[in-house]
Amino acid sequence: MPSSRTVLNRVTLGLCGLAATAAGAWLALGRTAWRTAVPEGWSALLPHTPLVSSARLASMRGQGWWTPTVMATAVVSALLLAVWGARQLRGQRRRRMPLPPSQGLLRTRAMEDALTGLVMDLDGVAQCGIRVRGRPRTGRLEAVLRVRLRPDSAPSAVLPSLVTIASDTAEALAPYHFRLRVRFTARRHRRPHVH
């Protein structure tokens, strides 16, 4: 079942699309006096004149920057909207993994929260994020852990504890094969400014 954020996001997108379609149809097909509400600089327009005159548009098109700018803007906008739309359509549903001995279900989101709590309790960890991917058919669980260390900490100080957490998790998830990948980053010391 999609999360409430996903449902709200999709409903908002749908309503915005319907509103934009209705507004476009009203402007294209309606015989209304909408031009009376345009800004003051455009108030001298007659009912059937465009907002940008043909002479002004021709002078802009004659500039060397016009065509590359319009094309680049259109391509970048289309790509950004396509990527954003694809990410919205991609399911955000988290997997539920069946647990064979108890016939229960493991929610990967709950596992992420539990592992995040364990890692955040370690000395030297400033921040962490984890993403668990489950493949029930192959019996594999993979977790990608991003750990941001404090400036005075080294990965070698935190790594043994992470290995212990990973082995305990793998033992608890048997018969699944659990794999943990860790990516370390560190906060940099602020350099003092000389005045």
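**Note on the core, strand pairing and salt bridges**

1. D113 and R109 form a salt bridge, with 3.8 Å between the closest N and O atoms; the term denotes a side-chain nitrogen of Lys or Arg within 4 Å of a carboxyl oxygen of Asp or Glu. The two residues are four places apart in helix 4, which means that about one helical turn separates them. Helices (H or I, at least four residues) and strands (E, at least two) are DSSP runs, numbered from the N terminus. R109, E112 and D113 are linked in a network of such bridges.

2. The model is predicted: local features need pLDDT of at least 70 and side-chain atom pairs count only at pLDDT 80 or more, whereas totals for chains, interfaces and linings use all residues. Residues are numbered from 1 along each chain as its sequence is written, and side-chain values use heavy atoms, with hydrogens and water left out.

3. D113 is partly exposed at 43% relative accessibility, and R109 is partly exposed at 44%. Buried here means under 20% relative accessible area, exposed over 50%, and partly exposed in between (1.4 Å probe, protein chains only).

4. The whole structure contains four salt bridges. E142 meets R133 in one of them (3.3 Å, N to O) and R179 in another (3.5 Å, N to O). The latter pair links distant parts of the chain, R179 lying in strand 5 and E142 in strand 4, 37 residues apart. E142 is buried at 12% relative accessibility, whereas R133 is partly exposed at 39% and R179 is partly exposed at 44%.

5. Strand 4 pairs with strand 5 (residues 177–186) in the parallel sense over 10 bridges; pairing requires at least two DSSP bridges between the strands. L141 stands opposite F178 in strand 5.

6. The largest nonpolar core has 20 residues, of which M111, V119, L141 and V147 touch the most other members. Such a core is a set of buried Ala, Val, Leu, Ile, Met, Phe, Trp, Tyr and Cys residues joined through side-chain atoms within 4.5 Å. Strand 4 gives the largest share of this core, five residues.

7. Beyond residues up to four places away in sequence, V119 touches V125, C128, L145, V147, L162 and I165; contact means heavy atoms within 4.5 Å. C128 belongs to strand 3 and is buried, with a relative accessible area of 14%. With neighbours within four places in sequence left aside, the contacts of C128 include T116, M120 and R146. The C-alpha atoms of C128 and F184, 56 residues apart along the chain, are separated by 9.3 Å.
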